[in-house]
Each structure stands twice: as C-alpha cells, then as structure tokens.
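The following paragraphs go through two interfaces in turn.

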Amino acid sequence: MSKKIILCRCEDVTAEDVERAARTGFSDLEEIKRYTGFGTGPCQGKECLRGIAAAVARLTGKSESEIRPFTSRPPLVPTEIKFFAGTPRR
Amino acid sequence: MRNLPAALERGRPVTIDFEGQSIATFEGEPVAVALFATGTRVLGRSPKYHRPRGLFCLDGHCGSCLLRVDGRPNVRSCMVPAREGLRCERQNAFPDAELDLLQAADWLFPKGMDHHRLMTGSRLGNELFVKLVRQMGGSGTLPDRPPSETPVVRNESVDVCVVGAGPAGLAAATAVAEARPGMRVVLIDEQDHTGGSLLAEPGGVELASARAAAAVRAGVRLWSCATAIAFYPEDGQDSVVADGPPGLLAVVTAQGLVRLAARRFLYATGSYDQNLPFPDNDRPGIISARACGRLVFRWGIRPAPRVIVVGDGTADTAFLARLYAGLDERGIAVQTVTLDQAQSGVGARGAVIAVATRPAPASELLRQHGAELRLDVAKGGFAPPVGPTFESTVAGVFAVGDVTGFRGTEIAYSDGRLAGVALAATL
Ligand code: FES
C-alpha cells in the first residue's frame with residue numbers, strides 16, 4: 001500500500017484530493033463533494049463530512065458558520081430497491 | 001479470540017460459508033464480528049485504489065464492511081446476524097480480496113488519481129481510460145436473482161416518533177409515555193438491541209435492557225431492527241396527523257416499508273464514529289474506539305493482546321476511562337499514541353488500533369426535515385441548534401443527545417428525560 005491519508009473511505013478521497021479541490025478554487029462542501037466524490041458512497045458522508053468540513057475551514061480560511069453541509073439525500077443507508085417497489089404511485 | 005464473556009448468552013453454534021470456507025460462529029453474532037474473531041481482517045477492497053478494508057465502526061455507519069451476502073451485493077456485514085448456512089463473499093477484487101492485483105492502482109497513483117486531469121490530452125485516450133476506470137471501479141455486481149417477493153408497504157400514524165434507542169431516546173420516549181398515557185409513542189432503532197452508544201461500554205447491554213424494559217412498561221412501542229432511511233417532507237398529504245410537521249418518515253423493517261407520520265418527531269440518533277487523518281488510516285485492523293468497546297464488551301471478543309489507541313484529545317474522557325478500565329479488567333493492554341505521533345506511522349502487523357476522537361452528530365434526518373444545522377467542529381460536526389425545549393428550527397421536530405453535539409451517555413440520558421417532558425408539554 002502506498003501511504004495515503006484517506007478522508008473518505010467509501011470513495012477513496014485523500015487529504016491531497018481535498019487540498020487540490022480547494023486549490024482549484026472550490027470552497028463549498030457541495031462543490032467539493034461533486035469534484036472529489038466524497039460523501040457519495042455507501043456511508044453518504046457519515047464518516048467523512050466533519051473531517052472534510054474541518055479541512056475546508058483550514059484550507060479556505062472560512063469560519064465555521066460560513067460552511068454549510070451538502071444536501072442530504074435518501075436513503076441514509078444502503079437499501080434494497082425492493083422496499084420502494086410497493087409504494088403507491090402519485 | 002472469543003475467550004471473553006459476551007454481554008448476552010451466545011446463540012447456538014452455527015456455521016457460515018465464507019468464500020467456500022466454513023466459519024464456526026454463533027447464531028446472532030454479526031457476520032463482521034464472526035469473521036474478525038476467526039482472524040479475517042480484510043473484508044474487501046476500496047473502490048478506486050483497491051486498498052484492503054475491514055470493519056471500522058461496527059455500528060452500521062461507515063460502509064467499510066460490505067460483503068455479498070446470500071447472493072445480494074453491498075450488505076453491511078456488521079448488521080447481519082449469523083445463521084446456519086449463510087453465504088458471504090468479498091467484493092471488488094481480482095482474483096480475491098487478500099491478493100488483489102488491482103491494487104496496482106494504489107502504487108501507480110501514489111499521489112492519488114485526479115480523474116479530472118488524467119488522460120485528458122487525447123479524446124480517444126480519455127474514452128478508453130474512462131471505460132477502464134468504470135470497469136475497475138464501483139462496488140459489487142448484480143444480485144443472483146430478483147427478490148422473491150415485494151416487501152409490504154404500509155402507512156402508520158402515531159403521536160410521537162422517537163428515532164434512536166440510545167440513552168437519550170430511551171429516556172425521552174419513556175418520559176413522553178409517562179407524561180401522556182394512552183398516546184401512541186414509538187421508538188425505532190436500527191440495531192437488534194437497544195442501547196446505542198451504551199453497547200460500547202462495559203455493562204452497557206444490561207443497563208440498556210433495564211431502560212428498554214422501563215420504556216415498554218410506560219407504554220412505548222419499541223421497534224428494533226427498524227431503520228429510518230429518509231424523511232420526505234413533501235410526502236404524506238394523505239396521512240391523517242392533526243398538528244404534526246408535514247411529511248413522512250420512511251422506515252425499513254423486516255416486514256417491509258413503513259410510511260410513518262407523527263405529530264412530533266424526536267431525533268435521538270446519536271453520533272457516528274469518525275476516523276483521524278494519519279497515513280494509511282484506512283488499514284484493516286484500525287477501528288473506532290467504540291467499535292473496540294462493542295467487540296470486547298458486547299460480543300466478548302479479545303481483539304488483540306494489546307490495543308493501540310490513537311487520539312486527538314477530543315474523545316469523551318469518561319467513555320475512554322470506562323473503556324480502558326474494561327480492557328484492563330480483561331487483561332488487554334492499552335497503549336496510547338497522539339495524532340502527531342501517528343503521522344510517522346503507527347502499529348505493527350496484526351495489532352489493533354482504536355481511533356479515539358469526538359464522534360459526529362447523526363443529523364441527516366433533521367437536515368431532510370429542513371432544520372437548521374450549524375458546524376461546530378468542537379461539538380463533533382453539523383448539529384441542530386436547540387433551545388431549552390429541545391425543539392429544532394422546524395416546529396414539531398425535536399433533537400436530543402449526541403445529535404445536538406457530543407454529550408456522552410450520561411448527559412444524553414438526563415437530557416433525554418428533559419426533552420421528553422418538554423415535548424409532552426406541546427401535545
Ligand atoms: S458499517 Fe459495518 S463496520 Fe461500519
């Protein structure tokens with residue numbers, strides 16, 4: 001294994017990836033999510049959002065109150081699509 | 001490794017099939033625990049660099065323990081109780097997860113793979129590269145066969161829905177039911193045993209059982225193995241709830257999907273274990289401090305003769321004191337390492353490393369309700385501001401315990417009672 005600091009294990013996003021995203025000019029978690037893919041895997045950000053938010057605050061000089069979370073989308077955990085199959089149509 | 005007493009009597013001995021190999025375990029023990037206890041650390045490979053991965057949180061949250069179980073891909077193996085004949089396999093590896101040749105990707109890109117800039121010089125090169133990456137990436141392959149039946153979907157309306165049966169949720173649900181006898185109060189929890197973070201502490205299972213019994217005596221309906229997967233604020237105009245927040249909570253249970261409407265929602269969803277940034281912090285054998293507690297105290301597994309704890313000084317000191325005392329009592333040595341020291345590498349082959357840092361509020365459902373969240377890294381992450389009544393910025397939606405910023409099991413319990421009383425006063 002080559003040495004890497006993994007900030008988002010689901011999508012293999014490293015500390016360097018987040019630094020690169022910030023250098024490229026992204027400073028908002030929603031943008032950084034789309035650029036690096038963090039928070040889009042099976043955990044949906046449960047294990048990485050805080051760490052990456054803290055890194056973004058450090059890298060961009062933003063205060064905590066300026067940093068907003070990305071939109072949380074269902075489902076929160078890996079869920080078989082069969083559970084939705086019986087829901088009523090609108 | 002299973003030479004410690006488990007918190008509950010172990011189930012009957014069963015055998016599960018792991019890639020053709022028979023693994024002896026006990027009915028009800030999670031598959032991830034059974035594999036760990038019999039020496040399997042690598043549960044799969046990561047999606048991009050094919051780095052080996054193993055369990056981390058042992059609480060259903062980190063997504064690091066996915067296996068193919070009985071022909072279904074991407075199942076969290078820490079949430080699957082073992083039963084006779086269960087089949088499981090690792091994913092995303094060639095020829096197998098121990099010796100994955102695709103891990104070449106990790107060596108080829110020591111500085112990481114920037115897919116925005118890689119092979120963008122030529123159109124053809126880029127197309128080929130994208131194809132290759134798509135082939136190599138992703139997680140799992142399609143199920144062996146479609147599900148034999150479609151799960152039932154039903155609607156249910158209650159007065160109060162409490163999500164999370166940890167110390168805060170147990171106390172809050174009990175307090176509501178005591179203050180408003182006859183009202184329909186449900187307490188839902190994803191795990192097969194109530195207790196939440198208590199399950200990571202010595203004696204936590206017993207304490208949780210006693211508190212759950214008190215909740216049921218007070219009239220609370222307890223749904224275990226029930227996962228709140230989403231809140232849909234735009235749904236459920238058809239449901240009949242007098243003065244509740246608009247929308248439906250989707251809850252997955254063994255029987256099917258429940259579309260739950262409630263007059264009040266109280267989120268006691270607790271907090272998620274977090275990792276710390278140090279080189280190769282994702283190696284198998286690096287687990288959260290609470291996962292270490294769950295292994296030892298709940299499941300009776302001795303993870304290693306010695307546990308190395310990497311901490312950044314923000315973990316709950318009361319929890320760590322109980323963890324260390326419990327480990328010491330069971331003859332497991334503890335060595336502590338600071339995050340700075342961990343930068344130059346930590347641990348040896350086979351060692352278990354427990355990461356101790358402040359967990360992060362499990363606040364997504366509040367986000368989905370539209371409640372305001374604020375980042376406070378010292379409190380663990382994004383938490384809803386709540387006043388003395390524990391109500392969030394959305395009327396009828398309450399939050400208590402670690403989800404409001406880390407509190408620890410004792411304050412979560414006492415706050416849970418206060419929140420239950422405050423919520424009941426609005427009914
Ligand atoms: S989700 Fe299973 S170990 Fe974290």
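**Interfaces between chains and within chain B**

In contact (heavy atoms within 4.5 Å) are 51 residues of chain A and 73 residues of chain B. This is a predicted model, in which local features need pLDDT of at least 70, side-chain atom pairs count only at pLDDT 80 or more, and totals for chains, interfaces and linings use all residues. Residues are numbered from 1 along each chain as its sequence is written, chains are lettered from A and ligands numbered from 1 in the order in which they are written, and side-chain values use heavy atoms, with hydrogens and water left out.

Chains A and B bury about 5,300 Å² between them, counted as the accessible area (1.4 Å probe) lost on being put together, summed over both parts. Carbon and sulfur atoms give 57% of that area. Four salt bridges (a side-chain nitrogen of Lys or Arg within 4 Å of a carboxyl oxygen of Asp or Glu) cross this interface. A:Asp12 pairs in a salt bridge with B:Arg53, with the closest N and O atoms 2.7 Å apart.

B:Arg53 also forms a salt bridge with B:Asp282, at 2.8 Å from N to O. The automatic or database domain assignment divides chain B into domain 1 (13-136), domain 2 (156-271 + 364-424) and domain 3 (276-356). The C-alpha centres of domain 1 and domain 3 of chain B are 23 Å apart, and each of these domains gives 17 residues to their contact. They bury about 1,400 Å², 62% of it from carbon and sulfur atoms. On the domain 1 side, B:Phe36, B:Arg41 and B:Phe56 supply 38% of the area buried against domain 3, more than any other three residues. Four salt bridges are found across this domain interface.

Notes. Buried area is the accessible area (1.4 Å probe) that two parts lose on being put together, summed over both.
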